Amino acid sequence: MFDNQWQIRANLMKLTSYNKELYSDSDLAAGLILSYVSDKSTYSLLANYQSSKIDENSSEQLYSILPNRFSVEANIQYVLRKNLHLNLNVSNLLDKDNYGVAYRAPIIGGVKEKGRQANLSLIWSY
């Protein structure tokens, strides 16, 4: 924590005993969150990294290697009233082409995930 308004968080996961025949997910993942909080608002920037992973399929090799991925997300929350908040979230801020595991043998090379998208929500609690 920098001070009362700024906060930074980081995470790292590394698999040390990694058997690719048994485990198809990334063996390395990392994340970083930078947040600023004021009386009425919160601003956050999130960055995530995942190393390459294996996608089993019906190709000649019986699998595809999905490339590593890096994504950035931004989130803003504003307090309108004590029980009313406005929230804006933008995913895949850099509009990168990321691919996820298909979970179906005929699909080779993974499934393309959504590009940049924004969600605006009004949160009312009672």
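## Contacts and basis of the model

Of the contacts in the protein between residues at least 6 apart in sequence, 47% join residues at least 24 apart; a contact means heavy atoms within 4.5 Å.

The model is predicted, with pLDDT of at least 70 required for local features and 80 or more for side-chain atom pairs, while totals for chains, interfaces and linings use all residues. Residues are numbered from 1 along each chain as its sequence is written, and side-chain values use heavy atoms, leaving out hydrogens and water.

## Secondary structure

The protein has 10 strands and 0 helices, which gives the pattern β-β-β-β-β-β-β-β-β-β along the sequence. Both element types are DSSP runs numbered from the N terminus: helices are H or I runs of at least four residues, and strands are E runs of at least two.

## Dimensions and surface

The radius of gyration of the protein is 19 Å, whereas a compact globule of 126 residues would have a value near 14 Å. This radius is taken over C-alpha atoms, and the globule rule is 2.2 Å times the number of residues to the power 0.38. Along the principal axes, the C-alpha atoms fill a box of roughly 60 × 30 × 30 Å.

Buried residues account for 21% of the 126 residues. Buried means under 20% relative accessible area, exposed means over 50%, and partly exposed lies in between, with a 1.4 Å probe and protein chains only.

## Charges and aromatic rings

There are 13 positive and 12 negative side chains, and the centres of the two sets lie 10 Å apart. Lys and Arg count as positive and Asp and Glu as negative, with His and the chain ends not counted. Each charge is placed at NZ of Lys, CZ of Arg, CG of Asp or CD of Glu.

The protein has 3 aromatic pairs. Rings of Phe, Tyr and Trp (its six-membered ring) pair if their centres lie within 6.5 Å; planes under 30 degrees apart count as stacked, over 60 as edge-to-face and the rest as tilted. Trp6, Tyr36 and Tyr43 are linked into a cluster by ring pairs.

Ile8 belongs to strand β1, residues 6-14. Ile8 counts as partly exposed because its relative accessible area is 37%. Its C-alpha atom is 9.9 Å from that of Leu46, a residue 38 places away along the chain.

Leu34 is part of strand β2, residues 28-37. A relative accessible area of 31% is why Leu34 is classed as partly exposed. Leu34 and Gln7 are 27 residues apart in sequence, with 5.9 Å between their C-alpha atoms.

Asp39 sits in the loop between β2 and β3, the latter spanning 41-50. Asp39 has a relative accessible area of 80% and is therefore exposed. The C-alpha atoms of Asp39 and Val79 are separated by 8.4 Å, at 40 residues apart along the chain.

## Glu56 and its contact Leu62

Glu56 is in strand β4, residues 53-56, and counts as exposed because its relative accessibility is 58%. Apart from neighbours within four places in sequence, Glu56 contacts Leu62, Tyr63 and Arg104. Between the C-alpha atoms of Glu56 and Asn98, 42 residues apart along the chain, the separation is 17 Å.

Leu62 is located in the loop between β4 and β5, where β5 covers 63-66. With a relative accessible area of 56%, Leu62 is exposed. Its phi is near 75°, a positive value in a residue other than glycine.

## Asn92

Asn92 is not a glycine, yet it has a positive phi of about 50°. Asn92 lies in the loop between β7 (84-91) and β8 (99-100). Its relative accessibility is 9%, so Asn92 counts as buried.
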